[in-house]
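Have the sequence and the 3D view ready, and follow along.

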Amino acid sequence: MTGRNSRAVTAALLLCLAAPVVVSCAAPAGPAPAASALREPTAAERATLARAEKLLTRDCMRKKGFSFWVTEELPRSADELFPYVVDDEAWATENGYGRGIRDRREALAARDPNQVYFRGLSPERRSAAVDALNGPEPVGLEAHVPGMGRVRHSDRGCEAEAQRSLYTDLPKWYRARKVTEALDIQMQSAVVADPGFAEAVTRWSACMRAEGHAYASPPESRRTFLRSGAEGATATATATEEIRTAVAEARCAASSGLSARTLTLERVHRKRVNARYATEVGDRRVLEHRALGRARDIVQKG
């Protein structure tokens, strides 16, 4: 790690700590169920898997002489919840376009005890901590990710050790996770490029104009209100208009058929991308299924 400046080390660490990671575990005795027979894990089940990995990472870091805190996941942003259009009127009434959620995410990230801890270490100690967490070099794990090319990661360090403890085939898990995480982007890009999506957006835009909001597309309306706001009375007025516009967007998403069209197109394009990467999709589903029992035990013991 000598020669690496502290700013680059800190940036690499914070990126690692922020990245959402899902893990799996060693297979129980007996044959594994076929991937086609397994459903997708629920959000709660994936949260259990992620928390189990954090707990194992914490224990590993402690053994190596460093601190590590198991933190809660950040609240999901509007982009994560609504990649195409805000179509939940109740959510829009409470959150608008999620500017408050964005601000909470930023505040929580700034106070993250792991980030604070690593920033407070000396450069030499920080380099050692990064090695302990991530491994010394990105060697040992490799995947060809759609849209990104070849990516690599160390098969050493506490992150890798935690994942290896949850299941035995770490290279298979790394490939399956990295590929399937990229498939959401592939699928969403295909949806947006579909002519049927453009037709529905045109109807949505006409509905919005009738409601007094001249926006050509949902991303345009979202960008308007997720810029940094003004102070005082202007900020209050902007927040009120944000909610009013987001509610109109949700209503128009329903009445224009945009919401229904995106669900249909997602099913079509999800099937296509999953078929293209059926091996990785199946591997991830099996590994997550086999992980859940052990992950629940780890979380219960804390």
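C207 and C252 are both buried, and a disulfide holds the two together. Keep in mind that you're looking at a predicted model. The count here comes to two disulfides, so let's go through each in turn, using the rule that a disulfide is a pair of cysteine sulfur atoms within 2.5 Å.

**The C207–C252 link**
- The sulfur atoms of C207 and C252 sit 2.0 Å from each other, S to S.
- Look for C207 in helix α10 (residues 195-210) and for C252 in helix α12 (residues 232-255); the two cysteines are 45 residues apart in sequence, so their link ties together separate parts of the chain.

**The C60–C158 link**
- C60 is bonded to C158, again as a disulfide, with an S to S distance of 2.0 Å.
- This pair links distant parts of the chain: C60 belongs to helix α2 (residues 43-63), C158 belongs to helix α8 (residues 157-166), and 98 residues separate them.
- Why is this disulfide called left-handed? Because the torsion about the S-S bond of C60 and C158 is about -75 degrees.
- Are C60 and C158 buried or exposed? Both C60 and C158 are buried.

**The overall pattern**
- Count the bonded cysteines along the chain, and the disulfides follow the pattern 1-2, 3-4.

How values were computed:
Residues numbered from 1 in each chain as written. Predicted model: local features only at pLDDT ≥ 70, side-chain atom pairs only at ≥ 80, totals over all residues. Heavy atoms only, no water. Helix = DSSP H or I, 4+ residues; strand = E, 2+ residues; numbered from the N terminus. Buried < 20%, exposed > 50% of the residue type's maximum accessible area, 1.4 Å probe, protein only.
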